[in-house]
Amino acid sequence: MTTTPPSFEELLAEGESVDVAGWDFSWFAGRATEERPPWGYARLLSERMAHSHAALDLQTGGGEVLATITSPPPVLRATESWAPNLPIARRVLGPLGAEVLEAPDAGPLPFADASFDLVTARLPVVTPWPEIGRVLAPAGTFLAQEVGPGSNIEMSRAMLGEHLQPSGRFPADAVAAAEAAGLDVVDLREASLTMAFFDVAAVVVFLRKVVWTVPDFSVERFRPQLRAVHDRILATGSFVCHPTRFLIEARKPERTD
């Protein structure tokens, strides 16, 4: 028996109906694929957390990535700015003994100076370098996986126009900002990856969830562009774009006085 595939309008309605709170991407199974950076951020995060005494995870989302660590430190804090994520993160991270606090992405952070020997962030919207330098203890470490320049520009151009030029965070700028905050960069790695969407509902959910890809996205506003993406998927089997990522690790110097 042949099943009629969902129509364009049905796919749009499905994409609009999905709950996008938190940072869980399991809904995309079978609908989209994304290549992961070669350095394995979750593994590095777990390793660093296992050797920490007091750690802070910035912009934790729903806590899904932080929850994968195997040995939480004695003191574990996380921040999140988006109110719908807070109860999710508190529920997910409660078993680790983590306290989740609401804080603006750009700071200030609600912690005393030199409170943590480890600060982490995965795909932060903003990296508050001065605040990171302030809350890190001497010899403390900051570890982050960041969105690189021109990430998923094919998707942005499909929605906003082919004239769009690559923008975003450049690794060299992150190094300069880290150094200005009094930190020494000890590791910097870059990766260009591949992402594929197999239906337009997955595109809608992605753009609703990863809001910086197309600012002020809505289905109604971008309906013609979504139709073009839908037609491309029907013709070729997928819509392919390329996320960029970089890993940065920086340390605060030990006191010399």
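1. Pro108 lies in the loop between β4 (99–102) and β5 (116–122), where helices (H or I, at least four residues) and strands (E, at least two) are DSSP runs numbered from the N terminus. The peptide bond from Gly107 to Pro108 is cis, with omega near 5°.

2. This is a predicted model, in which local features need pLDDT of at least 70, side-chain atom pairs count only at pLDDT 80 or more, and totals for chains, interfaces and linings use all residues. Residues are numbered from 1 along each chain as its sequence is written, and side-chain values use heavy atoms, with hydrogens and water left out.

3. Rings of Phe, Tyr and Trp (its six-membered ring) pair if their centres lie within 6.5 Å, with planes under 30 degrees apart counted as stacked, over 60 as edge-to-face and the rest as tilted; the count by this rule is six aromatic pairs. Trp129 and Phe142 form an edge-to-face pair, 5.1 Å centre to centre with 75° between the planes. Because Trp129 belongs to helix α4 (residues 129–135) and Phe142 to strand β6 (residues 136–147), the pair ties together parts that are 13 residues apart in sequence.

4. Phe217 and Phe222 form a stacked pair, at 5.6 Å centre to centre and 15° between the planes. Both Phe217 and Phe222 are buried, a term for under 20% relative accessible area, with exposed over 50% and partly exposed in between (1.4 Å probe, protein chains only).

5. Asn152, in the loop between β6 and α5 (153–160), has a positive phi of about 55° although it is not a glycine.
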